[in-house]
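The sequence and the structure are shown first.

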Amino acid sequence: MNDHPTRDRAAEATGGLDPRRSAGRLVAVDAARGLALVGLTAVHFLPQSYPDNDRPTLSWLLFAGDSAALFALLAGVGLAFSTGARRPRRGRDLTAARAGIAVRALLIMVIGLTVGYLMPADPPAVGILVHYGLFFLLALPFLGLRARTLLLCSGAFLLLGPLLIHWLGDVVPEHSAANPTFAHLVTEPVALFWQLTLTGTYPAVTYMAYLLAGLALGRLNLKSLRLQSRLLAAGLGLAALAKLVSWVLLYGMDGYNVLLYSIVSLTRADLDHLVVFGADGPLPTSSLWWQALSAPHTNTLLSVAWSLGVSTAVLGAFLLAGREFGKWLLPLTAMGAMTLSLYTGQLVLLATEVHYSSPLLWFAACLLVSALVALAWRHAFGRGPLERLVSAAAHATTRAVADRGTPRGPETPRRPLG
């Protein structure tokens with residue numbers, strides 16, 4: 001029997017870390033996740049451009065593409081925390097953790113597929129939950145790796161993922177709905193597979209770069225002031241380098257004109273729009289010069305590098321801020337601790353399309369209600385409702401797999417078969 005069951009349960013909830021030593025770290029991660037939710041809310045509710053001049057709005061410039069990338073990176077950090085943090089689990093412990101994460105992933109996908117039934121044909125938002133679940137499943141083989149190996153794997157996805165999209169985007173079957181449902185599992189399973197991995201808004205072949213980078217960062221000593229500062233500096237440097245290289249390729253090396261004449265029907269206005277806003281689906285595949293774009297959701301090498309840099313810098317900034325101003329981050333922390341519930345509720349609200357009449361008002365109301373609900377729920381119940389459901393199933397699976405491999409003494413009766 002454990003001498004400190006309360007402490008052991010707390011350590012299990014934080015991935016085996018002593019909660020007294022990891023509190024600041026978790027506050028920063030939850031606060032960053034809260035900011036990602038704010039960013040997705042802004043992108044979903046607010047217009048991407050001003051109606052009079054087609055210039056991007058401030059919310060689009062700040063959050064488009066980067067919020068989803070930040071979610072994926074923080075998902076990787078969370079997976080690292082739950083699988084041993086700086087000391088990856090091994091053997092039966094790792095197998096049990098993988099089983100629990102697989103159940104968590106499948107339940108998140110179930111929630112996403114269910115919400116898909118509510119979305120209209122021309123949806124106001126493309127949900128990330130089904131993709132998110134797939135990211136977790138694809139991460140299972142990587143959970144036992146150390147930080148350096150994980151960074152190399154992240155770099156491989158960063159380099160090869162955009163090229164796979166470019167080479168295969170026109171070859172694989174097209175999907176019929178931006179928000180898939182259970183019906184699509186039956187009617188178009190192959191197209192759904194390629195949607196989640198290659199042709200969708202959040203393709204796994206590029207988003208795994210974010211998740212594996214986060215998994216690598218979670219294997220490091222995130223309490224270190226030096227590391228926190230390096231994350232901020234490295235993230236800003238990578239983002240700046242991506243934008244600089246994009247500008248040089250497009251305007252310094254005449255890539256803009258190459259793209260302009262690569263498609264007969266493409267106008268200068270069309271290309272300018274693609275450079276700033278990206279495309280609604282995969283980019284054209286007429287030329288590799290399309291990889292010079294760094295616009296949101298283009299899933300090019302430079303676009304992924306930019307969002308990875310921004311996400312890393314945000315994590316570093318929140319880790320630094322959490323050292324002295326953790327209490328001031330409480331609204332973001334509360335929202336970040338129940339993003340699954342809040343994001344799902346937001347998608348349900350968006351499906352009604354009531355926000356189109358007054359987007360700014362609905363955006364402000366959604367943020368205010370989300371913060372108040374998160375603070376109240378945190379004080380009264382702790383975890384959010386969907387978080388409780390998913391975590392209970394995942395932890396039960398983890399314990400069941402772990403107990404199956406636990407040797408029994410002679411005094412312990414065997415459970416009957418069946």
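How many aromatic pairs does the count come to? The count comes to 11 aromatic pairs, where rings of Phe, Tyr and Trp (its six-membered ring) pair if their centres lie within 6.5 Å, and planes under 30 degrees apart count as stacked, over 60 as edge-to-face and the rest as tilted. The model is a predicted one, in which local features need pLDDT of at least 70, side-chain atom pairs count only at pLDDT 80 or more, and totals for chains, interfaces and linings use all residues. Residues are numbered from 1 along each chain as its sequence is written, and side-chain values use heavy atoms, with hydrogens and water left out.

**Aromatic pairs**

A pair of aromatic rings is described by the distance of the centres and the angle of the planes. Two of the pairs are tabulated here.

| Pair | Centre to centre | Angle between planes | Class |
|---|---|---|---|
| Y202 and Y207 | 5.6 Å | 85° | edge-to-face |
| Y207 and Y210 | 5.0 Å | 80° | edge-to-face |

Y207 and Y210 are about one helical turn apart because they are separated by 3 residues in helix α10 (residues 204-218); helices (H or I, at least four residues) and strands (E, at least two) are DSSP runs, numbered from the N terminus. Y207 counts as buried because its relative accessibility is 2%, the classes being buried under 20% relative accessible area, exposed over 50% and partly exposed in between (1.4 Å probe, protein chains only). Y210 is buried as well, with a relative accessible area of 2%, and Y202 is also buried. Ring pairs link F135, Y202, Y207 and Y210 into a cluster.

**Charged side chains**

Side chains of opposite charge can pair when their charged atoms come close. The count of salt bridges is 1, a salt bridge being a side-chain nitrogen of Lys or Arg within 4 Å of a carboxyl oxygen of Asp or Glu. D30 and R33 form a salt bridge, with their closest N and O atoms 2.7 Å apart. Both D30 and R33 are buried. They lie 3 residues apart in helix α2 (residues 19-45), and are therefore separated by about one helical turn.

D30 is also among the contacts of T333, together with V27, A31 and R378, when neighbours within four places in sequence are left aside; contact means heavy atoms within 4.5 Å. T333 belongs to helix α15 (residues 330-336) and is buried at a relative accessible area of 2%.

A further charged group, the end of K243, sits over the ring of W306, 4.8 Å from its centre. This arrangement requires NZ of Lys or CZ of Arg within 6 Å of the ring centre and within 35 degrees of the ring normal.

**Loop residues**

N179 is located in the loop between α7 (147-168) and α8 (182-187). N179 is buried, with a relative accessible area of 11%. Its contacts beyond four places in sequence include G116, M119, P123 and H184. N179 and G155 are 24 residues apart in sequence, and their C-alpha atoms are 29 Å apart in space.

Most residues other than glycine have a negative phi, and most peptide bonds are trans. A85, which is not a glycine, has a positive phi of about 55°. A85 is placed in the loop between α4 (66-82) and α5 (91-116) and counts as buried at 1% relative accessibility. N299 likewise has a positive phi, near 55°. N299 occurs in the loop between α13 (268-277) and α14 (301-325) and is buried, with a relative accessible area of 8%.
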